[in-house]
Amino acid sequence: MSTGDCCCEANNSCCSNKAVKTVSTTLTFEDICGAWKARWGIGRMDYIVNPGLYAVGSPNSDSPVLVSANYKLTFDTLRKNLSGLDCWLLILNTKGVNVWCAAGKGTFGTDELIYQIKAVGLSETVTHRKLILPQLGAPGVRAHEVRKSTGFSVMYGPVRASDIKTFISSGYKATKEMRTVKFTLWDRLVLTPMELVESAKVSLMVFGVLFLLNLVAVRPFGLEDFLAYAASVFIGAVVTPALLPVIPGKAFAFKGWLLGAIGTACIAWSYGWFSSPFLLLGVGYMLVLPAHSAFLAMNFTGASTYTSPSGVLKEMKIAIPLIVFSFVVGMLLILMKTFMG
Amino acid sequence: MKMKYLKDVTTLAFHAERCVGCGLCAEVCPHGVFHVESGKAQVVDKDLCMECGACKMNCPEEAIEVNAGVGCAVAIIMSWITGKEPSCGCSDDGGCC
Ligand code: SF4
Ligand code: SF4
């Protein structure tokens, strides 16, 4: 990641500047392309906008003020949903992190909000004293403290940017539906590229080791092994997240293990790894690959929107020892086959 | 269909005697854990809580307690290795704009 050309100390952003920029509510090809790249983790850290005050349409001193984060994907989603509105956007410096994660870290927080309100001179720009914050920013912000030190009262808007227009036009009322976080198939699928990229990095190291082992192996690793391995990655990082609500069980690791076991069994059976000369290999992979899928699936707890840290910790305390044990024993069996034929 | 995670794990605690019924907890909770009726909040379904901490942060009366944090396995593993608090991995710390 690049260090950019400016300094960002915790709560003061030297990149904010007082001149108000007007933003468009339509995305260009470049924006869309950039969004795609960010999803795949390419140059993700540089994907930011400058903090400060922006104008959408032609707002006046009565127009609503929306607050958001300076991650460009967040910013783009927001402005795309504001077409036809006249309003102000107050962008906090969250160091290019989306509202939800930044609120958890506290960078989308009380202090930064108070700082930006003063830095852009918001009380001179608008005559009312209301701010609309995304509801997902609430874990970082104490509404009553903001009011105490700036006079601005915080209203939490809907969870999804697409509901903002309805929220504003209905006199700032959010329905329960608009307040609830969902985790739809699509929400889950857009997150899977990141999971794949992460596991690809580890996979490259694994391939390096296997390549070295192959130099001395009696039964070298080949395409079949690669396909079985690739399937376990795909099952843990893509299929399990996608099918999350319909897979039996509650723990993510269990869900991943279950699908991994089914997938590996099918593959091993089709390669004849369950019959005598290959039995060691078949059993070994049945221990290694489902455990691998389980681990990847467990990592998806970080992307999910309904897992509590206490729950994840409980799941990990049970799952990790099992995963490690299964993985190590399975690896030993596979290596026995590799070196003894 | 509402997805539910493990049962009886959340650290959420609600002290009804302090509640003044302002309704903010119900407004900020992303999973509808709170419901406010006739001037008092009540916990509707504790097991839906993801410990994000929004309710606790915004309750003016400090009627809610919860150990807020990130429900992310990778973050927890990293915290075991580095000995620091688990923190969301969506960006590296010390990053600059
Ligand atoms: S911690 Fe978050 S999910 Fe749990 S009750 Fe409070 S606002 Fe709702
Ligand atoms: S935010 Fe606090 S005071 Fe307000 S309704 Fe909820 S528990 Fe009661």
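**Pockets, cavities and helix packing**

Biologist: Which residues lie nearest the centre of the second largest pocket?
Modeller: A pocket is an open set of points on a 1 Å grid over the protein atoms alone, with protein on both sides within 12 Å along at least five of seven lines. Lining residues have an atom within 4 Å of a point. Here 14 residues line the second largest pocket, and nearest its centre lie A:Ala253, A:Trp257, A:Ala319, A:Leu322 and A:Ile323.

Biologist: What kind of model is this?
Modeller: Residues are numbered from 1 along each chain as its sequence is written, chains are lettered from A and ligands numbered from 1 in the order in which they are written, and side-chain values use heavy atoms, with hydrogens and water left out. Local features need pLDDT of at least 70, side-chain atom pairs count only at pLDDT 80 or more, and totals for chains, interfaces and linings use all residues, since this is a predicted model.

Biologist: Which helix gives the most to the lining of the second largest pocket?
Modeller: Helices are DSSP runs of H or I, at least four residues, numbered from the N terminus. In chain A, α11 (252-270), α12 and α13 each supply at least two lining residues. With six residues, the most comes from α13(A).

Biologist: How many residues of that pocket's lining are nonpolar?
Modeller: Ala, Val, Leu, Ile, Met, Phe, Trp, Tyr, Cys and Pro count as nonpolar, Asp, Glu, Lys and Arg as charged, and the others, Gly among them, as polar. The lining of the second largest pocket has one polar and one charged residue. Its nonpolar residues number twelve.

Biologist: What volume does this pocket have?
Modeller: Grid points are joined across faces, edges and corners, and a volume is the space filled by probe spheres set on the points. For the second largest pocket, that space is about 280 Å³.

Biologist: What is the volume of the largest cavity?
Modeller: A cavity is a set of points where a 1.4 Å probe fits but cannot get out. Five cavities of 30 Å³ or more are counted. The largest has 15 lining residues, with B:Cys29, B:Cys49, B:Glu51, B:Cys52 and B:Cys55 nearest its centre. Its volume is about 90 Å³.

Biologist: How do α12(A) and α13(A) run, roughly parallel or roughly antiparallel?
Modeller: Axes are lines fitted to C-alpha atoms over the stretch in contact, and angles run from 0 to 180 degrees between N-to-C directions. The axes of α12 (residues 279-299) and α13 (residues 309-340) of chain A come within 7 Å and cross at roughly 150°. Under 35 degrees counts as roughly parallel, over 145 as roughly antiparallel, 65 to 115 as roughly perpendicular and the rest as oblique. So α12(A) and α13(A) are roughly antiparallel.

Biologist: Which hand has the crossing of α9(A) and α10(A)?
Modeller: The axes of α9 (residues 185-216) and α10 (residues 223-243) of chain A come within 8 Å and cross at roughly 155°. These two helices are therefore roughly antiparallel. A crossing is left-handed if the near helix is turned anticlockwise from the far one by less than a right angle, and right-handed if clockwise. The crossing of α9(A) and α10(A) is right-handed.

Biologist: Which residues of α12(A) make the contact with α10(A)?
Modeller: The axes of α10(A) and α12(A) lie 8 Å apart, at an angle of about 30°. That makes α10(A) roughly parallel to α12(A). Contact means heavy atoms within 4.5 Å. On the α12(A) side, the residues are A:Tyr285, A:Leu289, A:His292, A:Ser293, A:Leu296 and A:Ala297.
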